[in-house]
Amino acid sequence: MERNVSENTTDAFMGRALGLARLAVGLSEPNPRVGCVLVAADGVTILGEGHTQVRGGPHAEVMALRDAAAAGRAVAGATAYVTLEPCSHQGRTGPCCDALAAAGIGRVVAALEDPNPLVAGAGFARLRAAGIEVVTGPGAAESRELNIGFFSRMQRGRPWVRLKVAASLDGTTALENGASKWITSPAARADGHAWRARAGAVLTGIGTVLEDDPRLDVREVAATRQPMLVVVDSRLQLPVSATLLRVPDRAVLVYGAHEDAGRAGPLRDRGAEVVLMPGPNGKVDLAALLRDLAAREINELHVEAGHKLNASLLREGLVDEMLLYVAPLLLGPGRPLADLAPLADLRQAQAFDFQEATRVGPDLRLRARRRPAPA
């Protein structure tokens, strides 16, 4: 049975494609989250739709073509609404622009050009060369936001870094004795797991591991995969008995700054990959770490660390976004979210812009992004 929609507008079909793209969050990494809707020449009837699948699986356009074929609906002359430029290169799958052309698609409406240098307009060029009309722009801001990590990796050579913190009203993340379970509610913790699930990797520091022995996996929400776990551990102090090494089907990457075969060997025996990346201060070079993670195709990096590593990331300007869960509690003196040095002038403050404030159970979730430097 054919599916019809009442809104006969580009925005409505692109909005539907964006909704499909959101279904690829936590699924398609490292590929971008893309949705596609095929609409008949009558401008009303939806012939097929789909979104990007797991790594190595079909892209959104192919899924939409398969959806139409499975229902016996011809797509010749149809319009494809797709949230990112159809790819033009042979990667793990074939070029999507060729699949659309072979199917007889007459028009493509795409939100954005693909920032991947292997595509970067070549998909549009091949579509036009095949006689297909190409329109770009509708849904551009939404598509870029949905793929903010992919754009970061392609354009900056580093993942989008999101720093997650749970704190009290007075900014305490743990008592002076280290106790922090639990400052926020079960609802906030489950929400935090959803943000873990969408990331390509979760990063923590050795201090957090030694003090809390966390799992740092995705448990509170459904997930199709476990993000890679990254540990910043300058002296390779990670115990082979650490709980995080016992999470099944998860890659663990340990970055150190000092050669120690006696410690690296047992970690490798437990399945962890150990990478030495020393910086000039005798600690791990965090900027180089991010570049290495980008080379490993990590789009979004979710950080759950202690006040010392948080401060290092912030001090080096490596945090793109703060994800802060605030509990309606006053805890008094304790550990701050970041152990930053005192400032002599308010103008030295690191500035962020709020993106949203959302109630999660009894707590408040705040998202803030680093304010761009003045031109």
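**Group meeting: a walk through the predicted model**

Residues are numbered from 1 along each chain as its sequence is written, and side-chain values use heavy atoms, with hydrogens and water left out.

Ser234 is found in the loop between strand S10 (228-232) and strand S11 (252-256); helices (H or I, at least four residues) and strands (E, at least two) are DSSP runs, numbered from the N terminus. If we leave aside its neighbours within four places in sequence, Ser234 is in contact with Tyr255, Gly256, Ala257, His258, Gly282, Lys283 and Val284, contact meaning heavy atoms within 4.5 Å. Ser234 and Leu276 are 42 residues apart in sequence, and from C-alpha to C-alpha they are 8.4 Å apart in space.

S10 and S11 bring us to the sheet, in which 9 strands form an open arrangement in the order S12-S11-S10-S9-S13-S7-S14-S17-S16, with mixed pairing; two strands pair if DSSP finds at least two bridges between them. At the edges are strand S12 (273-276) and strand S16 (352-360), each of which pairs on one side only. Within this sheet, neighbouring strands are turned by 20 degrees against each other on average, direction ignored. Strand S7 (residues 160-167) and strand S13 (residues 300-303) run parallel and are joined by 4 bridges, with Trp160 standing opposite Glu300 in S13. Helix H7 (residues 186-198) lies across S7, strand S9 (201-205), S13, strand S14 (321-326), S16 and strand S17 (363-370), and runs at about 160 degrees to S14, where axes are lines fitted to C-alpha atoms, for helices over the stretch in contact, and angles run from 0 to 180 degrees between N-to-C directions.

Turning to helix H2 (residues 60-70), which residues of this helix are buried? They are Ala60, Glu61, Ala64, Leu65 and Ala68, and they cover an arc of only 135 degrees around the axis, which puts them on the same side of H2; the arc is that of the directions from the helix axis to the C-beta atoms. These buried residues pack against strand S2 (35-39), strand S3 (45-51), strand S4 (79-82) and helix H3 (96-103), whereas the face turned away from the buried side carries the exposed residues Arg66, Ala69 and Ala70. H2 is followed by Gly72, whose phi is positive, near 75 degrees.

Because Phe13 lies in helix H1 (residues 10-22) and Tyr81 in strand S4, the pair ties together parts that are 68 residues apart in sequence. Both Phe13 and Tyr81 are buried.

Technical notes:
Predicted model: local features only at pLDDT ≥ 70, side-chain atom pairs only at ≥ 80, totals over all residues. Buried < 20%, exposed > 50% of the residue type's maximum accessible area, 1.4 Å probe, protein only.
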